[in-house]
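Here's a quick briefing to read alongside the model. Keep the viewer open and click along as you go.

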Number of protein chains: 4
Amino acid sequence: MGIRVAVAGASGYAGGELLRLIVGHPEFDLVAATAHSQAGLPVAAVHPQLVGLDLVLGRTDPAVLADADLVFLALPHGESAALAATLPDGVRVVDLGADHRLTDAAAWGRYYGGEHAGAWTYGLPELPGQRALLAGATRVAATGCYAVATTLALAPLLAAGAAEPDDVVVVAASGTSGAGRSAKPHLLGSEVMGDLSPYKVGAHQHVPEIKQATGATGLSFTPVLAPMPRGILATVTALPVDGVPADPRAVLAQAYADAPFVHVLPEGVWPHTAATLGGNSCHLQATVDVDSGRLIVVSAIDNLGKGAAGQAVQCANLMLGLPETTGLSVHGIAP
Amino acid sequence: MGIRVAVAGASGYAGGELLRLIVGHPEFDLVAATAHSQAGLPVAAVHPQLVGLDLVLGRTDPAVLADADLVFLALPHGESAALAATLPDGVRVVDLGADHRLTDAAAWGRYYGGEHAGAWTYGLPELPGQRALLAGATRVAATGCYAVATTLALAPLLAAGAAEPDDVVVVAASGTSGAGRSAKPHLLGSEVMGDLSPYKVGAHQHVPEIKQATGATGLSFTPVLAPMPRGILATVTALPVDGVPADPRAVLAQAYADAPFVHVLPEGVWPHTAATLGGNSCHLQATVDVDSGRLIVVSAIDNLGKGAAGQAVQCANLMLGLPETTGLSVHGIAP
Amino acid sequence: MGIRVAVAGASGYAGGELLRLIVGHPEFDLVAATAHSQAGLPVAAVHPQLVGLDLVLGRTDPAVLADADLVFLALPHGESAALAATLPDGVRVVDLGADHRLTDAAAWGRYYGGEHAGAWTYGLPELPGQRALLAGATRVAATGCYAVATTLALAPLLAAGAAEPDDVVVVAASGTSGAGRSAKPHLLGSEVMGDLSPYKVGAHQHVPEIKQATGATGLSFTPVLAPMPRGILATVTALPVDGVPADPRAVLAQAYADAPFVHVLPEGVWPHTAATLGGNSCHLQATVDVDSGRLIVVSAIDNLGKGAAGQAVQCANLMLGLPETTGLSVHGIAP
Amino acid sequence: MGIRVAVAGASGYAGGELLRLIVGHPEFDLVAATAHSQAGLPVAAVHPQLVGLDLVLGRTDPAVLADADLVFLALPHGESAALAATLPDGVRVVDLGADHRLTDAAAWGRYYGGEHAGAWTYGLPELPGQRALLAGATRVAATGCYAVATTLALAPLLAAGAAEPDDVVVVAASGTSGAGRSAKPHLLGSEVMGDLSPYKVGAHQHVPEIKQATGATGLSFTPVLAPMPRGILATVTALPVDGVPADPRAVLAQAYADAPFVHVLPEGVWPHTAATLGGNSCHLQATVDVDSGRLIVVSAIDNLGKGAAGQAVQCANLMLGLPETTGLSVHGIAP
C-alpha cells in the first residue's frame, strides 16, 4: 500500500500534470483530486489526456485532504494559505502557489498584496543544502516557474563570486500554459499563435523570489508570452566580477555535478525548450559575450514539469525519503 | 538482466521515440542504436531530449544487431528487407517500415515499386485474433501511422456488417513529424506553421494497407499536413448497410472493450490529437450524420506513439509474452 | 468624397478585417464602427494591428448606421435581422452573418432556431448569374466561410453534371479565428496549439447553406479546428456521374476563367491555406482518386478574407458598380 | 509608365515579400525577378501566395538588372557587392544584405570575413537626418532586421542622453523566416514548433551594426528563434544616466512624432509582433524597471516588413522623391 496523495486545484494545467505524474509514480496512490467549479466532473472530462483515470473531481474539502499522507496545493495565489492552515501537521504539504515562498513580508505585500502567510521551506532542491532541509520538512513552497529557470542559471555564478549581483538582466519567454487555464481574451489561440508579447514589464512578482533565491540585489526581469503551450527559455546576463577569470559554464557544471535533473550541455550546445517537454529536466549553457563581456546563461525547462508539477513531486520525494527521481523522467518528448 | 534491444535507424523521429520508450521500459536494456550519416555522434547530440543517455550511435552493422534479443527497424521504406534478411531467426524483429506489411505483391509494386519482400505478421494487436498471432511471431511489420488511425476507426464497423466497404472516404491530417526528419524546403517551419496542405491526393501508399487491414473495397484517402509536430486526426466516413440499425459507437465500444490503448470516448465527446501526445492511446468517437446518414468515426493518435514507436513496443511486448502495456502509457501529455 | 461606410460588430475578428479593408479601399470612407461591450474604446485598443486609426468604437445605434451609404453587419447569428430592419432602403447592407442566407425557413429553424428573417441576395459572386443579381441588390447575405470553401469547389462539378449530388463528403479544417473572439476555455492557445479537434460532427449549420448554394442533395460535412489563426482547407469528394469522362480540374478551370479571385492551380499543384492569408483568393485543385474513382477537390481560402470580410467587400463593390477587385488583393502574405 | 524595378534574389522570403510590395506599389513596374537554382520557374511556383503573377524567374544577369531604374538586392551576405559593382551609376540600388552596412572594415572582417566592400548610405529613415541623405542617394544599404528592431528602440534614448551607452542588454526573438528559406534540419517545422532556441549567443553579426547605428559602446545581444513564421520582439534595456529624470516613453514619442511607421503605443500598452504582420510598422513602448531602475524598451516589427522588404521600399520611395509611405501599409493583418 502506497503513500496516499491528494491534489487540491486539480482542474488547472499544473493540477493535470500533477495527476499524470502521481498515477505514474510507483509509490503514490491518488486518493483525491479537488476543484471548484468543475467539482463533480470525471477527471477525464477536464483532462482528456488522462483518459481511463477513474476518479471524479471532488469539492475542496479540508477533511478529505486531511485524510491523505501528502497533499499538493495547485491553487491560485492567495488561496493556499487558508486551506493549508486547516491541515494536520502530520500531513505533508507541497504548495505550488506563491503564498509561502517569500520570507520578506514587505516584498509579499508589494507584489501580491494581502496578509503575508509566512515562509515555508523553499522547494528548489538544487540550491546548496536544500535537499537536507527538504528531507526534514512537512511544509514546502515549490518554486515558481520563472524562478526555477532563472535561479538555476544564476545562483551558482553569484555563489561562486563570478558574477556581480547588482545588475542582472533577465528576459524569459514562457509557453501559454504558464498563464493558466482561465478563459481570457488575450490568451485565445487566435491571439497567441504567431505572436510574442511581453507582459508585466518593469514589475513582475517573481522578482523578489528570484532575488531571495539567488542573492541578486538588482534585477531587471522581463517575461514574454510565446506561441507554444509549454516551456520556458530564460536568458540571464550579469556582469562578471573584475579580476575573476570567468568560465561560467565550468561554474555551473561543478554546481550541478550531482543534480540528476540539471544538465549543463556540452560546450557550444544551447538549450531549447522542446527538449525538456514532459520531463523534469533543466538544460543550461553559458558563455562570455565577446562584445560586452557579460556572462550569458540560458536555461530551458518545461514550465509544468521542472517549473511546477515535476518540481513538486521531486520535493515530495525528498520529504518522504524516496530517491529524488522516483516517478520522474529526465527525458523530454520531442519533436 | 533484461532483454537486449537494438534500434536501427535511431536518428529519425520514430527512432528517437523508440529510444525514449526503450530506456524507460522495465524489461528492456538498450544495447545498440545505429544510424547512417549520424553514426559516431552521441545520442543526445541527435536527440537533445534524451540528455544524459550515454550511448553513441553506431553504424548499421548486422553483426551488432544480431547480438540483440530484439531489434526495431526504423528505416526508410525499402531498406529494412535486406537488413532483416541478415538477422538470425532467433532475434525478434519489429519493422516500423512498410516493407513487410502488404500481402499483395502487386499492390506493393504499384505504390512502392521494387521487389516485394513478403509479408510478416501484421502489427496491429487490436485486430481480432491478432494478439495470438503476435505472441508466436518473431517477425512483425508494425502498422503505418495513417493505417493505425483509420483501421481502428473502420475495421469494427466493417467486421460487424454495419458499414458498406465500397465507398469509404477518409481525410486524415498529420503533424509534421510524420513526414520525417530530412530537411526539405516544404517542411521548413516557415512553410508549415499557419498552414494546412494536402499531399499525395488521389493516390496514397497507405491505401492498400488500409484495405488489407479493414476489408474496405473502395477507399478515398486524402492526407493533410497540419501545423503541429505530432498527432493524427482521421475522419472516416462510410455508408451504413441498409436495414442495419447502426449505432457505430456501440460497435466500437464492444470491439475495444478489452483493448487497453483504444478508448471510445463518452457520448458526445470527440477525440482531439493533443490528448494523445506522448502516449500509446487511440481515442475514438462515432455518430450518424443527420443529413447524409453516413457513419462518421473520428480517431486521434500520436503518430510517433500508437502510430509508430509505441505500437512497435506494444507488439514487442506481445511477442515476448510480456503484459501488453509494459513500458507504455495510456495517458498523454497536455497541454 | 467617397462612399460613407459603417461597420456594426466591429470588435470581432471579421469586423477588424473589414476595418482594415475599408480604410485601404480607395472609394470608401469609414464613418462609423460600432460594438457592444467595447463601445467607447479606440479601435486600436481593440485591434492593435490598426494602430493609428483615429476612431472610437460607438454603440450600435441604428441612427448612426442609417447615416451611411453602406453598412456591413458583422454580428452574431440572430442579431442582424432586427437591426437591418431599422435601416432605410437607400442604405446598402451586407450582412456577414447567417440570418438572411437560407431560403428554406424550415432549414433555418432546424439549424439555427428562432424566426426566419427571410433570404437576401446571396453573396457569392462566382455562382453563375450572381454578379448581375448583386449589381442590383441593396441587401446582400454574404456567404459563410465554410460554405465559400465548399461551394467554390463543388458547385461547378454539380452544375456540369460531372458529379453525383447525393453522396458528397466534405472534411474542412479551419483556423481558430473562425470560432470568434469570445473567450472560451477550449479556444485558449494552450488548448488549440498542437491540436486538431473536430466539432459539430454529424450536424453543422452550414449544411443547408451549402446544399442550397451547390445543389447537393446528400452532404456529410465535418469541420475540424486547426492550430493556426486563419485559413480553411476543404477536402470535397463526390462520386462521378457514370459515363461522364470526368476531368474535374478542367470543369473548374472553365467555370472560373473570368473570376479574378478563384485560381485553379497548375496541374499537380495543390492549394494550401498559408498562400491565401490576407488576400481574397480561393485556390483550387482537383483529381480523380485512383482507388475509389471519387472526384476530389481541395480548396483553400482565408476564412476572414474570401470567407468573410474580403467576400463582403467584393459583394459591396458589385452592388456599387465598382470593379469587383477594388481595394482587395489576390495575393496572400507568406510565409 | 512607372519606375522600372528589378529584384535579384527573388526566390527567398525577403524576395517574395518585395515582389508582393512592388506589384502593389502604384508607381512601380516589376520588370525582372532573378534567382539562382530556381531560375526558369514561374514566380507563383516559388511563391504560391503570388498566384496570378505572370512572370518567370530569370538568371541573375547584370545586363537585365542594369536595364531597370531601381534594383533591389535580396542576396545572401557577401554576394551583393560584386553584383552591385556591375550596375551603372544611374540605376538606383537598395541592398537588403549586409555587404554595405558597416563603415568599419575591421568589424566587417571580424563578423562576416572576406573583403570589406565599403559602406553605402544607411537605410534607416527614422534616424536623425537620414531622410535627407536617402533623398540624395543612389546606393542604399537597408538595415538588418534585428538592427531595425533594436535601433528604433535604443537610438533616441542614447541621443537624448537618457541612457548609458556602455551596458546595453538586448534579447530579441525572431520568427523563423528570418533564418531564410534554405532547408536546414534545425529549421524543420517539427523542430521549431513548440520550441524557443537561442543561437549565436555571445557573438552575433548584428552587434557592430547596432553599435554603429545607435552609438552604443557595450552591447550584449542574444537572438532567439521563436515558433512563428514572422515577427521580431526585441527587449532592450539600458542603465539610465544618473541625474536625468528619465521618461523613456516621452523620449521615444518625441523622436518619432513625425515618423509614419513608428508608433509609440499608449501608456501601458505593450507591443506584440502579431499586430505588425504584413505591414511596415514598428510598435514601441518603454518603462523604468521598478526594481533595477533600468530603462526597458520593447519593440515589435515584421522581420520581412519593416525588417526587410518594407524598409527597402520605404528607402526607395525616399530615394525617388516619392512620399515615404507609397505602396506600404502601417496596418498589420491580425489575427
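Pro335(C) sits in the segment after helix 11 of chain C, and the peptide bond that links Ala334(C) to Pro335(C) is cis, with omega about 0°. Helices (H or I, at least four residues) and strands (E, at least two) are DSSP runs, numbered from the N terminus. This is a predicted model: local features need pLDDT of at least 70, side-chain atom pairs count only at pLDDT 80 or more, and totals for chains, interfaces and linings use all residues. Residues are numbered from 1 along each chain as its sequence is written, chains are lettered from A and ligands numbered from 1 in the order in which they are written, and side-chain values use heavy atoms, with hydrogens and water left out.

- Pro335(A) is placed in the segment after helix 11 of chain A.
- Lys200(A) isn't a glycine, yet its phi is positive, at about 45°.
- You'll find Lys200(A) in the loop between strand 9 (197–198) and helix 9 of chain A.
- Lys200(A) has a relative accessible area of 43%, so it counts as partly exposed (buried means under 20%, exposed over 50%, partly exposed in between, using a 1.4 Å probe and protein chains only).
- Over in chain D, Lys200(D) also shows a positive phi of about 45° without being a glycine.
- Lys200(D) is in the loop between strand 9 (197–198) and helix 9 (206–214) of chain D, and is partly exposed at 43% relative accessible area.

**The annotated cysteine and its helix**

- UniProt, in an unreviewed entry, lists Cys145(A) under "active site"; such positions are given in the numbering used here, feature names are shortened, and annotations may be inferred rather than shown by experiment.
- Cys145(A) belongs to helix 7 (residues 145–159) of chain A.
- Is Cys145(A) buried or exposed? Cys145(A) is buried, because its relative accessible area is 17%.
- Leaving out residues up to four places away in sequence, Cys145(A) touches His206(A), Ile232(A), Ile301(A), Asn303(A) and Gly307(A), where contact means heavy atoms within 4.5 Å.
- Helix 7 of chain A also packs with helix 9 (residues 206–214) of chain A: their axes come within 9 Å and cross at roughly 30°. Axes are lines fitted to C-alpha atoms, for helices over the stretch in contact, and angles run from 0 to 180 degrees between N-to-C directions.
- Helix 7 and helix 9 of chain A are therefore roughly parallel; that label covers angles under 35 degrees, while over 145 is roughly antiparallel, 65 to 115 roughly perpendicular and the rest oblique.
- Among the residues making this contact are Cys145(A), Tyr146(A) and Leu158(A) from helix 7 of chain A, and His206(A) and Ile210(A) from helix 9 of chain A.
- The residues of the contact between helix 7 and helix 9 of chain A split into eight nonpolar, four polar and one charged. Here Ala, Val, Leu, Ile, Met, Phe, Trp, Tyr, Cys and Pro count as nonpolar, Asp, Glu, Lys and Arg as charged, and the others, Gly among them, as polar.

**Another helix pair, in chain C**

- Helix 1 (residues 13–23) and helix 11 (residues 305–319) of chain C have axes that come within 8 Å and cross at roughly 40°.
- Helix 1 and helix 11 of chain C are therefore oblique to each other.
- Helix 1 of chain C brings Ala14(C), Glu17(C), Leu18(C) and Leu21(C) to the contact, and helix 11 of chain C brings Ala308(C), Ala309(C), Gly310(C), Ala312(C) and Val313(C).
- The tally for helix 1 with helix 11 of chain C is seven nonpolar, one polar and one charged.

**Two buried threonines**

- Thr235(A) is part of strand 11 (residues 232–238) of chain A and is buried, at 1% relative accessible area.
- Setting aside neighbours within four places in sequence, the contacts of Thr235(A) include Val170(A) and Val297(A), along with Val171(D), Thr222(D) and Val224(D).
- Thr326(A) lies in the segment after helix 11 (305–319) of chain A and counts as buried at 12% relative accessibility.
- Beyond residues up to four places away in sequence, Thr326(A) touches His25(A), Pro26(A), Glu27(A), Val313(A) and Asn317(A).
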